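Please look over the model below before reading on. The numbered points take up a few local features, one paragraph each.

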Amino acid sequence: MTTHPRSSLVAFFAIIAIAACGNDDGQDTDSPSGPALQESSAETRSVLALTTSYRDWPTFAENPTLKPSPTHNNMHVISYYNDVVGQAMASKTLPLPDGALIVKENWAAPTDAGPMALTIMHKQGADWYWCQVTPDGKVFLDDKGAPLEGKSVTMCTTCHQTNINDGLRTHDLSK
């Protein structure tokens, strides 16, 4: 995937207030005002392996092209879903079954060369697994230095915690 200019990344992370400084525990430090990143966990890497062709997947009818998202810090977003989600939508199955996978691209501007981040939801054992990664698979860290990956990522669960519509906000699965 495409890498992006540092200035765009700095602007993005100034907006979402992610910590700037890494340390000696394996975190990468882009710059004093850039994002803190680390290598993804084995579980996140296995989820990423399932998304290699996500741009061939359908997008939700409500969001077929990039649009600003107030819930994703006004980034321009577009979400893709796999066939498990598509089958559940067709049959109006809630909650979504294991294997459901949604990849949301986060762009600073529609004119950029590509997304700055991917936000991923993967249904595992009736729970969502969350991760926010760079296009090359590094995991972002929150403002406390915690990786944005796992089943209890506060930044994700705070917004998606509702059991209505299985926490999905992009599309109403009951329609």
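1. Start with how elements are named here. Helices are DSSP runs of H or I with at least four residues, strands are runs of E with at least two, and both are numbered from the N terminus. With that, Pro95 sits in the loop between α3 (83-91) and β5 (101-107). The model is predicted.

2. Pro95 matters here for its backbone. The peptide bond leading from Leu94 to Pro95 is cis. Its omega is near -5°. Most peptide bonds are trans.

3. The loop between α3 and β5 also holds Lys92. Phi of Lys92 is positive, near 55°, and Lys92 is not a glycine. Lys92 is partly exposed, because its relative accessible area of 49% falls between the 20% and 50% cut-offs.

4. Asn74 is another case of positive phi in a residue other than glycine, with a value near 60°. Asn74 belongs to the loop between β3 and β4 (75-81). Is Asn74 buried or exposed? Asn74 is exposed, because its relative accessible area is 53% and the cut-off is over 50%. As background for both phi values, most residues other than glycine have a negative phi.

5. Next, a buried loop residue. Phe60 lies in the loop between α2 (42-49) and β3 (67-69). Its relative accessibility is 1%, so Phe60 counts as buried; the limit is under 20%. Which residues does Phe60 touch, leaving out those up to four places away in sequence? They are Ser79, Tyr81, Val85, Met89, Ile102, Leu168, Thr170 and His171.

6. Phe60 and Ser79 are 19 residues apart along the chain. Their C-alpha atoms are separated by 6.6 Å.

7. The loop in question runs between β7 (127-133) and β8 (139-140). Thr134 has a relative accessible area of 9%, so Thr134 is buried. Beyond four places in sequence, Thr134 touches Leu37, Met116 and Phe140.

8. Please check the side chain of Thr134 as well. What joins the side chains of Thr134 and Asp136? A polar contact does, at 2.3 Å. For reference, a polar contact is counted within 3.5 Å.

Terms used
Residues numbered from 1 in each chain as written. Predicted model: local features only at pLDDT ≥ 70, side-chain atom pairs only at ≥ 80, totals over all residues. Heavy atoms only, no water. Buried < 20%, exposed > 50% of the residue type's maximum accessible area, 1.4 Å probe, protein only. Polar contact = N/O pair within 3.5 Å; in protein donor to acceptor, adjacent residues only side chain to side chain. Contact = heavy atoms within 4.5 Å.
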